[in-house]
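Colleague: I would like to learn how to read a structure such as this one, feature by feature. Could you take me through it?

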Amino acid sequence: MSVNQVSIFLENSKGRLAEVTRILAKEGIDLRALSLADTSDFGVLRIIVADPDRCLGVLKENGFVARTTEVVAVEVEDRPGGMSRVLDVLDEAGLNVEYMYAFVAKAREHAVVVCKIDERERAREVLKAKGIRTISAAELRGL
Amino acid sequence: MIWNPDYESLPPDGLKRLQDERLGTLVDMLYRRVAFFRTKMDASGIKPGDIRGIGDLARLPFTTKDELRSGYPFELLAVDLREIVEIHTSSGTTGKPVVDAYTAGDLDTWAEAMARTLSAGGATRHDIVQNAYGYGLFTGGLGVHYGARRIGATVLPISGGNTKRQVELLRDFGTTVLTCTPSYALYLAEALREEGMKPRDMGLRAGFFGAEPWSDTMRSEIQASLGLAAYDIYGLTEIIGPGVAFECERQDGLHVNEDLFYPEIVDPETGRVLPDGQKGELVITTLTKQGTPILRYRTRDITYLDRTPCPCGRTTVRMHRLLGRTDDMLIVRGVNVFPSQIEEVILAIEGVEPHYQIIVDRRNQLDSLEVQVEMTEGLFSDEIRDLERTEKLIESRLYGTLNIHSRVKLVEPKTIARSEGKAKRILDKRQI
């Protein structure tokens, strides 16, 4: 049920991000969601793609250090308070979100947010109990 | 195996008698034949007759690298040029090269010294030695070559570099012994893995690595990745090349061929001889050399001596693996920093590979020390916090060892230049 995110180590210097996107474009890999976290020295680029394994292989062939990480993709109502509701549910269950970022594409009338949570299985259960949907890898490929 | 127990396992008093005798002959010969040494001895008010043995060695003047350079090319020869059969030189990257001129007798001594070296690591006539030290004026290639010939091994004289060819030979010829710089050994291991081979299972048994300082952690790394026993060897062009000192199977200090090369440790500042066990600059006197013998050569290498008996059966003194150089020792904010200390700390951290660079700079009159470490699969995390924790961990361990603050920077793989020879680990950008 989990979604695999690809994380890539980047030096914080000119042209490194462009280098990654250039390689992915050349391989016809479409970015569904992305976020870049950085310090003054380095950054971690996190992306969601249709085929994470292939993407990982391509990046490693090009000399990047990269890995896949399991994350949870949550449907959020696209109206004020939608995000807040999701976070409240997780907070009440004592679940900590390490980081999160939004999807590029919309799923029907909902937005989709990618969350890194340690206890993914429990997160899905508590969200489901409150009527909040999480999205599977297969479903993501169709988005 | 001990190649020559008659000399390597001499009882201490027998060894001392031999050294006393050889030193007397050397001083006498140098005074008569080499104007450079005669002038220096006269200036210190010392006549050959004053030197009756090793106990008087400290009365003799030192010889420095600059002095050897000023004698370029043949001023320091102690025999007629017709007696010289081979000449090697140092690289000369920092000035005029130093010339080492060998008589046939010197080449014989060199082969003997290297036969002892290779035998101590278990090499025999059954081995195939892939010699990836550079052949040519550099002493590494031919020094190992003569030693390997002397023990009757099969030598593959491939010389340094040409990694693709090295990989082919390793695979096709069944190499059992590898000789090169330690950083090149790791480079080769990486190249083998990239070719889809398992370097651990290729039949390598022993490796003799030298020509640059390395650490025990780097030794573990080399042994684990190549599946061989890695031995440290020491030598320098000014003395003979490789063959001055070598590790035995205990891998616990390097036995000095002290019947041939007499070691002392001195305080680099005052020149005072230091007792065994104390760190200082290694000084070597060549006891039997004929072509270009040297009195009390200041090597600029930092180590200490250990005379406790070694269980291997050799009675020769051991020197600790090099702790650094008096000249590439960095002085950062007034603190002596040896690159080997930094390496030891970095490589002890799980997931780190020995690809790093030390950058010293000076901003607003203050020295800064930056250590760049390449990111690896093992170190990487998708969380910034983890990566910052890794940087902080390395910084705090470095502080624990060096007592000065440094800044650790994680960089992308393969951004630090790989070397095929000596690794360029230090970038000193200070304009002083």
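This is a predicted model: local features need pLDDT of at least 70, side-chain atom pairs count only at pLDDT 80 or more; totals for chains, interfaces and linings use all residues.

Colleague: Let us begin with chain A, then: how many helices and strands does its secondary structure come to?

Modeller: Chain A has five helices and seven strands, and, read from the N terminus, its elements follow the order β-α-β-β-α-β-α-β-β-α-β-α. Of the 143 residues in this chain, 31% are buried. If one takes the contacts in chain A with a separation of 6 or more, residues 24 or more positions apart account for 69% of them.

Colleague: Turning to chain B, in what order do the strands of its open sheet of nine strands stand?

Modeller: The general idea is that strands of a sheet pair through backbone hydrogen bonds, in either a parallel or an antiparallel sense. In chain B the order is β4-β3-β5-β6-β7-β8-β9-β14-β13, and the pairing is mixed. At the edges stand β4 (154-156) and β13 (305-306) of chain B, each of which has a single partner strand, so one side of each has no neighbour in the sheet. The pairing of β13(B) with β14 (residues 318-319) of chain B is antiparallel, over two bridges, and B:Leu305 is found opposite B:Met319 there.

Colleague: Which strands does β8(B) form hairpins with?

Modeller: One hairpin joins β7(B) and β8(B), with four residues between them; these two strands pair in the antiparallel sense over four bridges, and B:Leu236 stands opposite B:Gly241 in β8(B). The other hairpin is that of β8(B) and β9(B), which has six residues between the strands and, in its turn, B:Gln251 with a positive phi of about 50°. This second pairing is antiparallel over three bridges, with B:Val256 in β9(B) as the bridge partner of B:Ala245.

Colleague: Is β8(B) mostly covered or left open, and which helices lie on the strands around it?

Modeller: Seven of the seven residues of β8(B) are buried, so that the strand counts as mostly covered. Helix α5 (residues 104-120) of chain B packs on the sheet, where it touches β6, β7, β8 (241-247) and β9 (254-256) of chain B, and its direction makes about 30° with that of β8(B). Helix α6 (residues 139-151) of chain B runs at about 65° to β8(B) and lies across β3, β4, β5, β7 and β8 of chain B.

Colleague: Which residues have the most contacts inside the largest nonpolar core?

Modeller: That core has 145 residues, and those with the most contacts inside it are A:Ile8, A:Phe9, A:Ala73, A:Val74, B:Ala185 and B:Val244. Among the residues that B:Val244 touches are B:Tyr234, B:Ile239, B:Phe261 and B:Ile284.

Colleague: Lastly, how many residues does the contact take from each chain?

Modeller: The contact takes 14 residues from chain A and 15 residues from chain B. On the side of chain B that touches chain A, α11 (384-402) and β20 (407-411) of chain B are the elements that give two or more residues, and the residues of that side divide into seven nonpolar, seven charged and one polar.

Note on methods. Residues are numbered from 1 along each chain as its sequence is written. Chains are lettered from A and ligands numbered from 1 in the order in which they are written. Two residues are in contact if their C-beta atoms, placed from the backbone, lie within 7 Å. Ala, Val, Leu, Ile, Met, Phe, Trp, Tyr, Cys and Pro count as nonpolar, Asp, Glu, Lys and Arg as charged, and the others, Gly among them, as polar. A nonpolar core is a set of buried Ala, Val, Leu, Ile, Met, Phe, Trp, Tyr and Cys residues joined through C-beta atoms within 7 Å. A residue is buried if 20 or more other C-beta atoms lie within 10 Å of its own, exposed if 12 or fewer, and partly exposed in between; C-beta atoms are placed from the backbone. Two strands pair if DSSP finds at least two bridges between them. Axes are lines fitted to C-alpha atoms, for helices over the stretch in contact, and angles run from 0 to 180 degrees between N-to-C directions. Lists of a residue's contacts leave out its neighbours within four places in sequence.
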